[in-house]
Amino acid sequence: MVAKTDAIVVVDFGGQYAHLIGRRIRDFNVYSEIVPYDGAVEEIEELRKKYHVKGIIFSGGPSSVYRDDAPEKINRLFELGLPILGICYGHQLIAHVAGGRVKAADRKEYGITLATIDRPLGVLKGLKRKEKVWMSHSDTVYSVPSEYLVLAHTENCPVAALKHRDRPIFGLQWHPEVTHTENGERMLHNFIFEVCGCRRNWVMGDFVKRAIREIRQETGGKKCIIALSGGIDSSVATALAARALGKRLTAVFVDHGFMREGEPEFVKKTFAKMGINFVAVDARKRFLQKLKGVTDPEEKRRIIGEEFIKVFEEVAKRVGADYLIQGTIYPDRIESGFRRRSEKIKTHHNVAGLPTKMEFRGIIEPLRDLYKDEVRRVAERLKLPPEIIRRQPFPGPGLAVRITGEITPEKIKIIKAADRIVREEIERAGLKDGLWQYFAVLTNTKSTGVKGDARAYGYTVAIRAVESREAMTASFAKIPYEILERISTRITNENPDVTRVVYDITHKPPATIEWE
């Protein structure tokens, strides 16, 4: 008899990092599955038929333990007899259910915080007295009942970590799954292996074969079109779909006018070599007309999403396609708040930006559960060109979401030139391989400058460069000053409408990588 694979279940309370926790677990070669809190017990019982479930992690969440129904719905989870780790909201939930005191913090904590480890037990085994951790909470645990121990505190959080005296139940107010927590991986390692006793007996299966098989099953032999932007996600989805469908697939590239300089030509040239049906649609005028006068970023994304679908529907009618395939990845779905309790950070044009009524039989998303780094590994398996594999992420709405305020032909010209300069200088300096993204943002702020001994009044351009592993969290890059100086000088010299350049030094969170 083959032994069951060990597994950790992440109970999702709508937090942005539930799947990041799941990813971190899989990085240890331990299987993880994410389940919604309001059906967690039933789903865990089903999982136990296939896996050896060894522990449970409660995710963070945007709500308060006093403002939702979660406390009433999780009591049965404690009765399963499995080790439990609560993170952020999950930590507060454990304390609240046990009868502890949880209330709005006198001082909220966001970002890097110094935690004092009072008892290095269980998940905190082997840690230093002082640890840099990443916090993001407005409620705080102020006290716990006698059956719990306080393991750590911060200046503003008296119960920053807790443990049941007799049972393997732990809580951490901080987020060990994000890279900003210095020893976060060790904390998760302690829980997975020391507390739960898991074995490293899971390896991701052959995703390529599985994805091709699923595309064939879902399409049932019908013709499909795929939304191809030329980015890593849509390129990988296109390569998978081409293997699954052959000549029944048509790749559709929509030039909405917000691409980077040279982008349309690059996409056409690259995919012409693949021998697939390829259609390029020049939709620049219609997109610009639809966005005239629009300033709200969510409205921009909604309009772009709807217009994309209209173009795809038009092409689908011409080629007789029934299904639309997209390169949507998991962070897109997380940030769009696709689950009932999930907090919507921003709408992605290919998720929540889609219209409610479409003329397709269905939408297929073969990469829907992958993160960007996993997509790159699939691209390597598919032997895609290096220039595709190493491309930095680029939003589907393109430069439209890197222009704050109304989009105009003048602003498009400015942002394209600024973006080109940023890319040229970063790549010339040999920095691109260490960065997740690097780009320019055209703000709607104007300021006074001096050019040629005369007063000038022009736009402010912001430069954004970040380091990340999977885009769920990111740190601003410490670009050398001389490179920033070259970028600034070139942007202001080569563009008469720009008088000021600033550098964005904000991590994600609290910011997102993109500005809109």
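## Tyr110 and its contacts

Leaving aside neighbours within four places in sequence, Tyr110 is in contact with Met135, Ser136, His137 and Ser138, where contact means heavy atoms within 4.5 Å. Tyr110 is found in strand 5, and helices (H or I, at least four residues) and strands (E, at least two) are here DSSP runs numbered from the N terminus. At 52% relative accessibility Tyr110 counts as exposed, on a scale in which buried means under 20% relative accessible area, exposed over 50%, and partly exposed in between (1.4 Å probe, protein chains only). Between Tyr110 and Val144, which are 34 residues apart in sequence, the C-alpha to C-alpha distance is 23 Å.

The structure is a predicted model, in which local features need pLDDT of at least 70 and side-chain atom pairs count only at pLDDT 80 or more, whereas totals for chains, interfaces and linings use all residues. Residues are numbered from 1 along each chain as its sequence is written, and side-chain values use heavy atoms, with hydrogens and water left out.

## Domains and the interface of domains 2 and 3

The domain assignment of the chain gives domain 1 (6–195), domain 2 (204–388) and domain 3 (402–503), the bounds coming from an automatic or database domain assignment. In domain 2, 17 residues are in contact with 16 residues of domain 3. The two domains bury about 1400 Å² between them, 62% of it on carbon and sulfur atoms; buried area is the accessible area (1.4 Å probe) that two parts lose on being put together, summed over both.

Across this interface, four residue pairs are found in polar contact, both residues being at pLDDT 80 or more. A polar contact is a pair of N or O atoms within 3.5 Å; within protein, one must be able to donate a hydrogen and the other to accept it, and residues adjacent in sequence count only if both atoms are side-chain atoms. On the side of domain 2 that touches domain 3, the elements that give two or more residues are helix 12 (330–335) and helix 13 (372–381). By class, that side has eight nonpolar, three polar and six charged residues, where Ala, Val, Leu, Ile, Met, Phe, Trp, Tyr, Cys and Pro count as nonpolar, Asp, Glu, Lys and Arg as charged, and the others, Gly among them, as polar.

## Salt bridges

Side chains of opposite charge can pair when their charged atoms come close. With a salt bridge taken as a side-chain nitrogen of Lys or Arg within 4 Å of a carboxyl oxygen of Asp or Glu, the count comes to 33 salt bridges. Between domain 2 and domain 3 the count is one, and Glu261 forms a salt bridge with Arg420, with the closest N and O atoms 2.8 Å apart.

The side chains of Arg490 and Glu424 meet in a salt bridge at 3.0 Å, N to O. Because Arg490 lies in helix 16 (residues 481–494) and Glu424 in helix 15 (residues 409–428), this pair ties together parts that are 66 residues apart in sequence. Arg490 counts as buried at 18% relative accessibility, whereas Glu424 is partly exposed at 28%. Salt bridges that share partners join Glu261, Arg420, Glu424, Glu425, Arg428, Arg486, Arg490 and Glu494 into one network.

Lys128 forms a salt bridge with Glu182, the closest N and O atoms being 3.6 Å apart. Lys128 lies in the loop between strand 5 (101–117) and strand 6 (130–143), and Glu182 in the loop between strand 9 (169–172) and helix 6 (184–195), so the pair ties together parts that are 54 residues apart in sequence. Both residues are partly exposed, Lys128 at 45% relative accessibility and Glu182 at 48%. Arg48 forms a salt bridge with Glu45, with the closest N and O atoms 3.6 Å apart; Arg48 is partly exposed at 26%, and Glu45 is partly exposed at 35%.

## Further charged residues

Arg23 lies in helix 1 (residues 18–27) and is buried, with a relative accessible area of 5%. Not counting residues up to four places away in sequence, Arg23 touches Tyr371, Asp373, Glu374 and Glu470.

Glu72, in helix 3 (residues 70–73), is exposed, with a relative accessible area of 58%, and its C-alpha atom is separated by 8.5 Å from that of Val97, 25 residues apart along the chain. Glu482 has its place in helix 16 and is partly exposed, with a relative accessible area of 47%; the C-alpha atoms of Glu482 and Gly320, 162 residues apart along the chain, are separated by 55 Å.
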